[in-house]
Amino acid sequence: MKTETKILIGVLISCLVLVLGAVFFLGRSENGGNLGNTQTLNIDYSKGEKIGSDSAKVKLVEFSDLQCPACKAAEPIVKQVVEKNKDNSFQFIYRHFPLTQHIHSRKAANFVEYAQTQGKFWEVHDKLFETQDSWSTLSDPSDYFVNLGAQFGLDKDKIKEAISKGEFDQKINDDLAEGNRVGVDATPTFYMNGKKLNLQNFTDLKLAIAEELKK
Amino acid sequence: MSNRIIFILSLLGLIVTAFLAFEYIQTGPIVCPITGAGCELVRKSSYSKILGIDLPYFGILFYIAVATITIWLIQKSDKLVSGLRLLVSIIGFAFGVYLTFLEAFVIHAWCIWCLTSFIISGFIFLICIEEFRRKSI
């Protein structure tokens, strides 16, 4: 056998051992994560859309994007959590974190913020998640949003204006800035009493809240 | 010389696909990340597995096969083996074309690592053709 062949076989085998070894070794070791981070971050609880009392013992903040499929997937669990803890001990706060790859999420955020001024935030928020698949693929979802808003008795022209002018961009940008400050790197990201939650699945959210309420 | 380039390219491809396999076995939460969103979308799509096996494993097998055959050819030049390597490279590249087509027109998302592997397989394919042609003359 040529010397070069021997060297190349050696290189290939070492490469295989190193690369595949790293894949399996690292892949396993990173799986078990803590539910909550130990670091408590300062979150401005005066902002965002809230359900529950301001004096609640447990405050859950979600940074979410209305066009994000993962946020939609988290919705049923968030709903259950909110429903189950409908007393003064728990507060849920929704904050915007529109990602750039979701091209309609800012329009959706402006729309839901307009709805907020009319007292219809949660109705529109829920409907937007419910119909996400329908409007995400449109080239311009403005008309869809206008019609959707009309179902809740919202003024069509005002919805149009809010979306086209980006009337609530400042508020949305404030949420984005706060999200960036506290280290949001994906949506949805949850913070429970200022601690970032590292959820392996959304059901963990229920556990994390139940534990915090017990404390 | 060409054989050595193919060997190096297949090692590079091996590293890229191994990294992808690593990404696949991460059981992270379902999220939309700020960066690398394309990879997540591709990974979550129904096209990321064949017969229940994650696609990067096929990539790893492909590059191991190319590297092994190339070592064989460096040891002993053989037209039949060169043809076998060309066949393997065609399969690998064609698969890459299919996956890139899916990314562009079906999944509508780009995964940078998948594309890197596709480009590497493209180069391997071109050099394999050239090698095979030279052997045939």
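How many helices and strands does the secondary structure of chain B come to? The answer is 5 helices and 3 strands. Helices (H or I, at least four residues) and strands (E, at least two) are DSSP runs, numbered from the N terminus. From that end, the elements of chain B run α-β-α-β-β-α-α-α.

This is a predicted model: local features need pLDDT of at least 70, side-chain atom pairs count only at pLDDT 80 or more, and totals for chains, interfaces and linings use all residues. Residues are numbered from 1 along each chain as its sequence is written, and side-chain values use heavy atoms, without hydrogens and water.

Now the interface. The area buried between chain A and chain B (accessible area lost on being put together, 1.4 Å probe, summed over both) is about 2,500 Å². Carbon and sulfur atoms give 70% of that area. In chain A, Leu8(A), Leu12(A) and Val23(A) lose the most area to chain B, together 20% of what that side buries.

Contact means heavy atoms within 4.5 Å.

| Chain | Residues in the contact |
|---|---|
| Chain A | 33 residues |
| Chain B | 27 residues |

There is 1 salt bridge between the chains (a side-chain nitrogen of Lys or Arg within 4 Å of a carboxyl oxygen of Asp or Glu). Arg4(B) forms a salt bridge with Glu4(A), with the closest N and O atoms 2.6 Å apart. On the side of chain A that touches chain B, α1 (3-29), α2 (69-84) and β5 (186-187) each supply at least two residues. α1(A) gives the most, with 14 residues.

Note on methods
Chains lettered and ligands numbered in written order. Buried area = accessible area lost by both parts, 1.4 Å probe.
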